[in-house]
Each structure stands twice: as structure tokens, then as C-alpha cells.
Amino acid sequence: MAYTDKNKLRVVYGDYTLGVHGEGFDYIFSYSQGGLESVVKNGYEWLYRCPRPTFWRALTDNDRGSRFHIKSGSWLASDMFIDCKKTEVIMDGELQKQYAPDNNSYGGDVAAGEIIVKYTYETVSNPATTVIVSYTIDVTGNIKVDVDYTGVKGLPELPVFGMRFIMPTLADKYMYKGLSGETYPDRKAGAEKGIYEVSDLSLTPYLVPQECGMRMDTEWLEITRHTSLNNSRTDSSPQTLRIEKNDKTFAFSCLPYTASEVENATHHEELPPARRTVLCVYGAVRGVGGIDSWGSDVEDDYRISAEKDIHYSFIIR
Amino acid sequence: MNADMKWLDNPEVFRVNQLDAHSDHCYYMDYTDMEKSDNPLTQSLNGQWEFAFSKNVMDRPENFYEENFDASSFDKIMVPGHIELAGYDKIRYINTMYQWEGKEYHRGAYSMGSTGDEAGMFSEAEYNPVGSYIKRFDLSEQMRKKKIRICFEGVEEAMYLWLNGQFVGYAEDSFTPSEFDLTPFIREKGNVLAVQVHKMSTAAFLEDQDFFRFFGIFRNVTLKAVPEVHLEDVWFQPTLNKDNASGRVSVKIKVTAPEGKKVAAHFVLKDRENNQVAEDNITLEEKDGSLVGVMDTEVGSVKAWDNHCPYLYHAYVELRGEDGEILEIIPYDIGFRRLEMIDKVIYLNGKRLVITGVNRHEWSAKTGRSISMDEMTADIDCMIRNNINAVRTCHYPDQIPWYYLCDKAGIYVMAETNMESHGTFQKLGTIEPSCSIPCSIPQWRAAVVDRARSNFETFKNHTAILFWSLGNESYAGDDIEAMNTYFKEKQDGRFVHYESSFYDRNYEETISDVESRMYAKPYEVEEYLNNNPKKPYLLCEYMHDMGNSMGGLGTYMKLIDKYEMYHGGFIWDFIDQALLVKDEVTGKEVLRYGGDFDDKPSDYEFSGNGIVFADRKEKPAMQEVRYYYGLYR
């Protein structure tokens, strides 16, 4: 069906997915994959796999020294394996019955003013906890992402908390408005606010590959790619995806590898060729510490309790 | 005298026929020579040498120093350089462990009741590699008919020297110059110099620094022609008066000359624009076979030297004969400053001293601890760019040019003696000094005091040096105390630093002018300063910048505002120690660290703690250092 009403979203109630479309954007929310499966802007795909909550940043040497991995290592498993327990669709304020055979009742494309898709994830940690990721799409195609972590007593401190987006191909560059250089909650006094462009996504060459590339206090971020996995795409023009703060600034890193890939390498040459873009948008980041590398923990203010709730949000444009 | 391999085992033998340590001044025959880029009185022996590697003393080519020795089976090696990096012995990185860990049971000679002189520990060891070096040379024309000395600026870790088949001398202490007189054996042409270098000797116990373990001739080798009348030693002591506007300078000199020769010394001081601001004359007097004298001169108006304005004056000592003819000229750039401790607070030129410092190992990813002038100047530039105002030469004296660069750049220096015996008293992270070296063992005392002497005598004229450091992590005891006494007796106005006084408070008064700690947490610094502190406080190592680190620097910096007696500290450390090698899989150049050379046991990546990467690129954390150090320097 041709798109006709710019003031409405075109919603497709499929059997496996929910399609949300508008002028210049096409989003697919998957029930089977348990997440946002496709973000297409102007015909160009931005996702390789569904975004997931992330609980792990690669260890630093200081983390190893303070035995943070022994205390909090179980978060690595939660980062790698997570269960999607529930998917809810809310259209114009109404909770929908999106699964077959109830979806037969929609009878065709549906026009909506606002769609919310809410995924509830349960961690494999012991005790388990839940994360609710809620995507709110307005008629302009903006996706507001609200992320809610439920604190549970007995869970060890978190290295980070955020959302991980894996893009199909390596980005050319990114631009952001925030702090200069690589910053952490306990290492950002020397940074200057400004707009910065980063065209080399490679890991910072610490002797042992480890957490790197964090940018705190970010207002917005634009990632530019021109390559695609789409065999029929003939255009190679650069495309840009923009992430904006919602109420508060966010932290992010944009690298070619996931934390667990980085964790596995003792040298940079052991990492596979850089082929994807791993964007993590964080609501909470642990500091790196610095007193010593054999026992001292990060200062109290820069550690993340997993026993308290964490909420943050951002917007994908 | 003949060389004796048993010297390797004996802590009481550490220098044989070595010339006395002396100031690191250059000398010229006249002002024209001084303008030349190459001093005609020196001849470098750097370059290709003949070389043979042996795994121990027994396997060495014993007679290789003989003139008619057939060296056709020898390889070629570049000097300076490390033998391991030339591919002979295994590259190895370890921290506190000794090289024999898990392979041989060793306790230092006389270190416990049950140990004796431990004869044979190194001379008969199955593993104690030997490098046999041969250099054939002719003396350059300008050098002929003069007394000839040879200076090895750095040989790790023990060396025997022969010239033309004759034994010349023996040296330990890898990081200070070792000079020998070659005059009795030298020829104009066809000289055969032979150096036998040992990876380990008793010096190994004193050189347990946390670094790659190398051996070989790794710094310059230079022949020096000595004029008939020669200034052996000079000690400039410029001081800034309380008014911060005038000063005085004392110049103490020691000259060798033919017997009965009358020599006068003329001292001239010029500012940067070459205006003469002071001069003095003295006729030298004979004492103990040398000619000596002291000049003490007022300088009416001087600019002070400090980190913000490192103003250096050009000092000259001219040695003149009876007819006033110039026999030798010594130029040296000196700065006027005043160091004081008032009410347990250190002041430089009347201002409280705040150290925004860093520890620096000499390091190159390609050549290890054999580094170039370009790398040194790059390090100075990096320090200036990032508001670093002080450097601790951890944990040994650096190459001589480094101190001149620091004078010029206004980088304060904590000049550390080549000394670390960490592995003898710290085991698995706990302090366990049952067989600590040197401790209070009499047989080790002379060796460690000699290390202090070499450090002091060589570098005493460098304005940038504010602290002498006895070494690093060598526990406490009478021997360390004797090093402190040596420095204090010089009364040069500088302070003596040693970290380990807190190990044994009995030595608190006698081994350091400052309370120095490493890696004390901010609250521990405050604990000391809030409880009747006896001394000003500094952190000789803090902010361990291993990998992605430097979080929380601000907490330490705020202590500078809170406590007058807290003087800041030296970040650990400047540059990642890692080696650039070819990846065995991809063929690309990659950085490797401990354990990457089948070297076990190892301390792996623990050598990567720099604020710059091994290729000297700044780590992301540098902007934090630049910011905070900029607020306080």
C-alpha cells in the first residue's frame, strides 16, 4: 500500500513481526527474535542483530588487579545470554493483541499516531533480574528508547549498563557533541566540551585489548556508514544515523568488537578483522580507577550498584 | 693483574682499575674546538663489533682477548644494543622475581646465617650467558700521543676489559659510566679491544628492577684523549640568595698536570646573551697528586631557574699555563636556584615546591633501553606539553644527555641510584625480609655506596636535580643508611629521597629527608599528614597507569590544596615497556610483552603502565594529566 498519511504511522501486524513504517523509515519489531530487528532509513539497514541490554564492558587491567571479574564476572554471562520473556505492543495508548489468530482482526494496514513496543528481558544471573526496553515511535519516525533495569539485592556491582546495537558493516566515522577524548566517570575533568569527529574506530592500543573508547556526557551522536550487506544495493552514498539524548546526556562507545570479543584477546592481532560496528549506549558506566593495579577498587562514587534501579532513555532519529 | 671470574660471585668486588667517578663535563683544547660538532678529543667506538655468545662462563671463548685469537667464527653485533634483541638470549620480562626463579635456588652471599660467600653462584652457573665482544680500531690522528681513556656509558651487568691482550679492568653497575685508562696499552693503529659481558653477577641482586632483563653494551662507548693538563672534576654550586635577585657560585676543581706544572683556573659566567656577569681567577694548589682549588664568586644580579623559567647561564672554566696560554676549556650551563625546608615544607626559590611528576624508564619499542637523542627530546617535549614538571629516573641513572635536557627544559629531577633488590624481601606481595639484600650486611655496603657515589659525582652539576634517590624498593638497613650518609655529607642543598623508611621506622631519621610512599591511597596520605607528620610528604609513585587507568587523579591533586606538607608525586609511569616484533602469523609489526617469548615464569603485561604507549603516542588518559598538572605545576 502506498504511503498516504504523513501524520500517521503505517502499522503491519504480521505473524512474526510488527512493521512500523513512515516516510523514509521502516522498522521491524520481532516477536521471534525478541527485539528490534530492523531499522531502515531511506532504504538503508542499520541493524545486524536485535539490540540487547548490555551488562559488560571488557575488563581493564585495574579491574583484573582488584579482582572485579571474580566478584562481578557473572554479568558477562548475562551480557552474552539473555531471555526475552515478553513483548507488548501499545498502539495509541491501547495494549494490543498482536499474536495470531488475534492479529487477523486488524484486517490490513493500520494507521497509528504512536506505537510503543515493550520487551521484557530476564537475565541469567542468580538472582535473576529484569530489564524492560521500551521503543516509542512517533509519526516522524523518532524512536525513543526507555531502558529500565530493576535492582535486585544480592547482585554484584555492574561494569556498565546500557544497550548494544550491532550494525551490519564497519562505520566510516562518527561525530558527537560531548567531551573530548576517551572519558570515564572518574576521568573526565580534563576533557573539553565540543563537537568531535572520530574516523578511526580501532581499539585503543593498550597492550592487552581492554575496555576503551568511552565517551561520557554526550548530547548527540551521528554514525556514518556507506557499506551494506544488501547484494542489490548499487548506491554507496554515505548514510547517517543519529542518536540524541532525551532528558539526560548519555555515554557511548562505538567500536568494531563486542566486549566479549575484546575479552578473549591477549593481543590486538588476535582480534578478527574489523567488520561490524558495535554501538553501546550506556545509562551507567563504572570508572576505570587508577590508584594501583593490584587491589584498589574504583573510588566509591564511580561504582555501579546492581541492587538499585537504573533508568535512562535516548532517541534514535 | 689478571681477570678473575670469581669476581662475579663476590659482592665486595664491583670495580677493578676503574677510574674514579667524576663530573660529566665536556672538555676542549680551545674555543675553536668547542664550536665543532665533533670534539677532536673524543672518538666513538659505536658501530659493528665482533661478537660471540656463550651460555655460561665455562663455554666462553676464554682467550678471545688475545691479540692473535682467531675470531673468524665470531658474528657481528651492533654496539650499543642488547644481546637479547640481537637474537642470542631469550627476551624476558619479570617484575620482582629474580631471573633464577624456579630454576636455581639462590640466596645472596651472607644474607642469612646459613649462607656463606656463595662462591660459584654466577661464575659456575650453567645458565649465565656471556657476550664476548671484540673491537679493532686505530686512534684518530688528533687523539694520538695523548693519554687515552675509554668510557662505557652503560654495560649490563658485569664486564671485563682487555686491550691488546692486556687486562684493563672490571666493572659492575650497569647504568653509570665506567671509565678505564688505556694509556699503558694503547697503540696508534691496530688496537684490539675485548669486552666480556656477563648477564649476571652479584650485581643481579642489586638490579632487580621491574623491567625486561637484558645484558650487553647498551650505551655509547667512547675513547677520550686527555690533555696533559686536564680538569678531572668540577663542581659548580650556584645558589640563589634570599632576595631571589642575586646569587653566588662556588666552583671546586680538581686537575691533573705534569709534576711541577703551574696551572691557573679562570672562571667566567655569561648570561644567555653572552654578557659576562662574573669572573674569578685562582692558582691551583697541589694536593694528593692533583691540583685543586675553589673559587667563590658573588653574582650581583641573577635570574632564578625554575620549571616556569629555566634560565641557564653559560659557565666556563679555562685552565691556563704560566704564560696565560689556554690549556683546556670546560663549558657548563648552570642555573641559580635555592632549595629549602622550612617547617617541614620544601621551597624552591621561596615558593612551595609542587611536583607534577612522572617516573620514566628509558625505553624504545625497537631498541629497548638503548634509546636515541630523538627519543629523549620527544619525551621532554611530551612532558612540557602536558605540564609534567618533574621526572624520577626510575630506577637507575639515565643517559647523560637526559640531565642536560632537563636542566634546559626546567624539568625537576629526582636522580635515582641504580639500586633495587625487590625480590629479596617481597614475596607474593608480602614483606618478608629474611634474606634481604643489602640490608645491613657489611659485605654489600661498599658496592651500594659506590653506586651512590657514581650517581652523585657524575651528575652533581645538574641544576635540575633537586633530589638524590637511594634507589627503589631495597628495604631498609645500615647499607641504605650508608648511602644516605654519603649524600648528606656532600651538603649540596639537595634532599635525599628513599621510599622504604616506612618498612622499618628505626631508619626513619636516617634514610630519607621526605616521607615518601608509593601507591598510598588518598586517605593514607591524609592519615600521615593529620598525625604529627615528621617530614614533608611525596608520592614517589602513584596513579598506576596500567592499560586504561588514571581514574581518580583529582582526589590526589586536591591534597595539594589541603596540606602544605604534601608536595605531589610522580605518576607511574611514562612509557609502556613493550617490544615491536614481527607477528609469526601475519608478518605484521606488533607489540609484545612478557610471556610472549616463551619466557616463563613471567609477569606478562605488567610492564605496560605508561601515560604514553610504547610507540610514544599519548594514551587517552593524558588529557586528564595535562589538565590537573596544568592547575598545579
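Hi everyone. Two strands pair if DSSP finds at least two bridges between them. Keep that in mind for the first stop on our tour, and please also remember that this is a predicted model.

Let's start in chain A. Strand β14, residues 173-179, is joined to β17(A) by five bridges, and the two run antiparallel. Within that pairing, Met175(A) sits opposite Glu222(A) of β17(A). On β17(A) there is also strand β18, residues 239-245 of chain A, which pairs with β17(A) over six bridges, again in the antiparallel sense. One bridge there links Thr224(A) to Thr240(A) of β18(A).

So what do the two faces of β17(A) look like? The covered face of this strand, residues 220-225, carries Leu221(A), Ile223(A) and Arg225(A). Trp220(A), Glu222(A) and Thr224(A) make up the uncovered one. As a reminder, side chains in a regular strand alternate between the two faces of the sheet.

Still in chain A, have a look at Asn142(A), in the loop between β11 (130-138) and β12 (143-149). Leaving aside residues up to four places away in sequence, Asn142(A) touches Ile315(A) and Arg317(A). Gln239(A) is 97 residues away from Asn142(A) in sequence, and their C-alpha atoms are 16 Å apart.

Now over to chain B. UniProt, in an unreviewed entry, puts the feature "domain: Glycosyl hydrolases family 2 sugar binding" at residues 43-227. In the model, that stretch of chain B is 2% helix and 36% strand, with its end C-alpha atoms 14 Å apart.

Chain B also has an open sheet of seven strands, in the order β1-β10-β9-β12-β6-β3-β4, with antiparallel pairing. Which strands stand at the edges? They are β1 (15-16) and β4 (75-79) of chain B, and each has a single partner strand, so one side of each is left without a neighbour in the sheet.

Next, a pair of helices. Packed helices are described by the angle and the distance between their axes. For α5 (residues 442-459) and α6 (residues 478-490) of chain B, the axes come within 9 Å and cross at roughly 35 degrees. The crossing of α5(B) and α6(B) is right-handed. On the α5(B) side the contact includes Trp444(B), Val448(B) and Phe456(B), while α6(B) brings residues including Met483(B), Tyr486(B) and Phe487(B). By type, the contact of α5(B) with α6(B) divides into nine nonpolar residues, no polar and four charged.

Last stop: where the chains meet. Here 33 residues of chain B are in contact with 33 residues of chain A. On the chain B side, the elements giving two or more residues are β35 (537-544), α8, β38 (589-592) and α9. Which of them gives the most? That is α9(B), with five residues. Overall, this side of chain B divides into 14 nonpolar, eleven polar and eight charged residues.

Helix α9(B), residues 622-632, has buried residues too: Met622(B), Gln623(B), Glu624(B), Val625(B), Tyr628(B) and Tyr629(B). Those pack against β27 (355-359), α8 (553-562) and β36 (566-572) of chain B.

How values were computed. Residues numbered from 1 in each chain as written. Chains lettered and ligands numbered in written order. Predicted model: local features only at pLDDT ≥ 70, side-chain atom pairs only at ≥ 80, totals over all residues. Buried ≥ 20, exposed ≤ 12 C-beta atoms within 10 Å, placed from the backbone. Helix = DSSP H or I, 4+ residues; strand = E, 2+ residues; numbered from the N terminus. Contact = placed C-beta atoms within 7 Å. UniProt positions renumbered as here; feature names shortened; annotations may be inferred. Nonpolar A, V, L, I, M, F, W, Y, C, P; charged D, E, K, R; others polar. Axes fitted to C-alpha atoms, helices over the stretch in contact; angles between N-to-C directions. Left-handed = near helix turned anticlockwise from the far one by under 90°.
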